[in-house]
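I opened this structure to look up its packing and its charged pairs, and I kept the entries below as I went.

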Amino acid sequence: MEVWAAGVTYSRSRDARMEESAEKTVYDRVYDAERPELFFKAPAWRVVTDGQPIAVREDSAVNVPEPELGLVVNAFGEIAGYLVVNDVSSRSIEGENPLYLPQAKVYAGSCSVSAGIVPSWLLEADDLAIGMVVRRGSDEVFTGTTSTREFHRSPAGLVPYLVDWLEFPEGVVLSTGTGIVPDLGFNLAPGDVVEITIEGVGRLVNPVIGAREWINRREEN
């Protein structure tokens with residue numbers, strides 16, 4: 001299954017991307033627009049899961065993890081279940097120019113998902129606590145919390161904009177955007193460990209390495 005993602009679905013995401021960007025108005029406009037921001041994130045073979053390393057780009061000055069609720073959508077466009085997703089992003093690259101979004105979002109080691117799917121009929125997703133901790137050695141260098149009740153858009157309302165215009169014979173994972181964004185002074189670094197939890201959905205823990213090392217490890221295997 002491919003992984004796609006939505007952006008600017010929380011006010012915190014809008015504010016952070018306006019803060020980092022040289023073109024601030026595009027994020028304010030898409031936040032209030034009827035049509036959401038959607039983008040391709042990763043093919044299945046590039047996605048990692050719990051315990052496996054994620055990566056940061058060495059050519060980006062500011063890299064961040066982005067904890068997100070993932071919708072598992074079947075071939076008929078129905079939400080079948082939920083995952084925890086880490087949409088790792090290069091903030092400084094996207095901030096330089098919004099047209100650099102694919103480079104900021106789509107690179108080796110930039111996407112992880114939790115192991116196992118929570119069926120949609122077992123969980124109401126409109127008020128789930130989301131938390132993230134980044135550890136650097138024995139120190140917690142970042143902690144943040146939010147809730148899916150802070151969504152500016154309905155997660156289910158994102159799905160038709162994707163599946164009505166593309167075929168997904170095996171289904172698709174749609175990551176629904178983040179409400180936790182560190183300040184611009186924070187930079188995710190190799191050696192860090194990122195832990196994300198979503199109430200009722202699961203826990204996702206990933207160590208961090210550089211993207212070049214991530215590629216080399218894959219080539220060796």
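**Core packing**

I began with Y82 in this predicted model, and found that, once neighbours within four places in sequence are set aside, Y82 is in contact with L69, G70, L71, V72, G116, I117, V118, S120, L123, A125 and V201. I then looked up the largest nonpolar core, which has 43 residues, and noted that Y82 is among the members touching the most others, together with L69, L188, V194, I198 and V201. Apart from that core I found another, of nine residues, including V3, A42, C111 and V113. As background I wrote down that in soluble globular proteins nonpolar side chains tend to be buried together.

**Record entry**

I checked the UniProt record, an unreviewed entry, which places the feature "domain: Fumarylacetoacetase-like C-terminal" at residues 33-208. For residues 33-208 I noted 11% helix and 39% strand, with the end C-alpha atoms lying 35 Å apart.

**E66**

E66 sits in the loop between β4 (63-64) and β5 (67-73). Its side chain makes a polar contact of 3.1 Å with the side chain of K105, and another polar contact, of 3.3 Å, joins the side chains of E66 and S89. Leaving out residues up to four places away in sequence, I listed V85, N86, D87, S89, K105 and T178 as the residues that E66 touches.

**Salt bridges**

I searched the whole structure for salt bridges and found 11. In one of them the side chains of D127 and R149 meet at 2.9 Å, N to O. D127 lies in the loop between β9 (118-119) and β10 (129-136), and R149 in the loop between β11 (139-147) and α5 (155-163), so this pair ties together parts that are 22 residues apart in sequence. I noted D127 as partly exposed at 42% relative accessibility, whereas R149 counts as exposed at 54%.

R135 forms a salt bridge with E140, where the closest N and O atoms are 3.8 Å apart, and R135 is partly exposed, with a relative accessible area of 28%.

For the salt bridge between R203 and E195 I recorded 3.0 Å between the closest N and O atoms. R203 is partly exposed, with a relative accessible area of 49%, while E195 is buried, at 17%. My last entry returns to E66, which salt bridges with shared partners join to K41, D87 and K105 in one network.

Notes: Residues are numbered from 1 along each chain as its sequence is written. This is a predicted model: local features need pLDDT of at least 70, side-chain atom pairs count only at pLDDT 80 or more; totals for chains, interfaces and linings use all residues. Side-chain values use heavy atoms; hydrogens and water are left out. UniProt positions are given in the numbering used here, feature names are shortened, and annotations may be inferred rather than shown by experiment. Helices (H or I, at least four residues) and strands (E, at least two) are DSSP runs, numbered from the N terminus. A nonpolar core is a set of buried Ala, Val, Leu, Ile, Met, Phe, Trp, Tyr and Cys residues joined through side-chain atoms within 4.5 Å. Buried means under 20% relative accessible area, exposed over 50%, partly exposed in between (1.4 Å probe, protein chains only). Contact means heavy atoms within 4.5 Å. A polar contact is a pair of N or O atoms within 3.5 Å; within protein, one must be able to donate a hydrogen and the other to accept it, and residues adjacent in sequence count only if both atoms are side-chain atoms. A salt bridge is a side-chain nitrogen of Lys or Arg within 4 Å of a carboxyl oxygen of Asp or Glu.
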